[in-house]
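Subject: The structure for you to look at

Hi,

Here is the structure I said I would pass on.

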Amino acid sequence: AVLFFILRWPLLIANAGGFLVAVLISYLLNKTWTFADTSRGSESLRRGAVFLAVATIGLGVGSAVISLAALFVAPIFAKLAATGATFLWNFTASRRWVFRPA
């Protein structure tokens, strides 16, 4: 929202910029809190790489929802819809492929 409303970045570029910050924070919080993952070393690196892939697909999901929803509603509501869709994708995929027991 800051990138779009305050810095006036184009909508999808602002979404991608927010993604870069969010993916790092999300990985750290999911690893330590949501899934209480204690992996280290190469397993932790593998999980980080899979998390990045999952999150990148989530970026595509969110961008698609924003693009479609922004045709009908204000950008902030399009972003809210994209946030919900992306949350569902990221949590489900993280539980299934990233933070499952080794």
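In helix α2, the buried residues are A14, N15, G17, F19, V23, Y27, N30 and K31. Buried here means under 20% relative accessible area, exposed means over 50%, and partly exposed is in between (1.4 Å probe, protein chains only). Helices are DSSP runs (H or I, at least four residues), strands are too (E, at least two), and both are numbered from the N terminus. What do the buried residues of α2 pack against? They pack against α1 (2-6), α3 and α4 (75-98), where a contact means heavy atoms within 4.5 Å.

Before you go further, please keep in mind that this is a predicted model: local features need pLDDT of at least 70, side-chain atom pairs count only at pLDDT 80 or more, and totals for chains, interfaces and linings use all residues. Residues are numbered from 1 along each chain as its sequence is written, and side-chain values use heavy atoms, with hydrogens and water left out.

Now the whole chain. The protein chain has four helices and zero strands, and from the N terminus on its elements run α-α-α-α. Its C-alpha atoms fill a box of roughly 45 × 25 × 20 Å along the principal axes. Of the 102 residues, 28% count as buried. If you take the contacts with a separation of 6 or more, 65% of them are between residues 24 or more positions apart.

Back to α2, and how it bends. A straight helix of 24 residues would span 34 Å at 1.5 Å a residue, but α2 spans only 30 Å between its end C-alpha atoms. (The expected span is 1.5 Å times one less than the number of residues.) Where is the kink in α2 centred? On A22, and the kink is about 25 degrees. The bend at a residue is the angle between axes fitted to the seven residues ending there and the seven starting there.

Compare that with α3. This helix has 29 residues and reaches 41 Å from its first C-alpha to its last, close to the 42 Å expected at 1.5 Å a residue. Its buried residues are S44, R47, F51, V54, A55, G58, G62, S63, I66 and A69, and what covers them includes α2 and α4.

Next, how α2 and α3 sit against each other. Two packed helices are described by the angle between their axes and the distance between the axes. Here the axes of α2 (residues 11-34) and α3 (residues 41-69) come within 10 Å and cross at roughly 145 degrees. The axes are lines fitted to C-alpha atoms, for helices over the stretch in contact, and angles run from 0 to 180 degrees between N-to-C directions. The crossing is right-handed; a crossing gets that name if the near helix is turned clockwise from the far one by less than a right angle, and left-handed if anticlockwise.

On the α2 side, the residues that meet α3 are L11, L12, N15, A16, F19, V23, S26, Y27, N30 and K31. On the α3 side they meet S44, R47, G48, F51, L52, A55, T56, L59, G62, S63, I66 and S67. By class, this contact has 11 nonpolar, nine polar and two charged residues. Ala, Val, Leu, Ile, Met, Phe, Trp, Tyr, Cys and Pro count as nonpolar, Asp, Glu, Lys and Arg as charged, and the others, Gly among them, as polar.

- K31 touches A36, D37, T38, S39, S44 and F99, not counting residues up to four places away in sequence.
- L24 is also in α2, but L24 counts as exposed because its relative accessibility is 54%.
- G62, in α3, is buried at 5% relative accessible area. Leaving out residues up to four places away in sequence, G62 touches N15, A82 and T86.
- R8 lies in the loop between α1 and α2. R8 is exposed, at 64%, and its phi is near 60 degrees, a positive value in a residue other than glycine.
- A36 is in the loop between α2 and α3. A36 is not a glycine either, yet it has a positive phi of about 45 degrees.

Happy browsing!

Definitions and conventions: Expected span 1.5 Å × (residues − 1).
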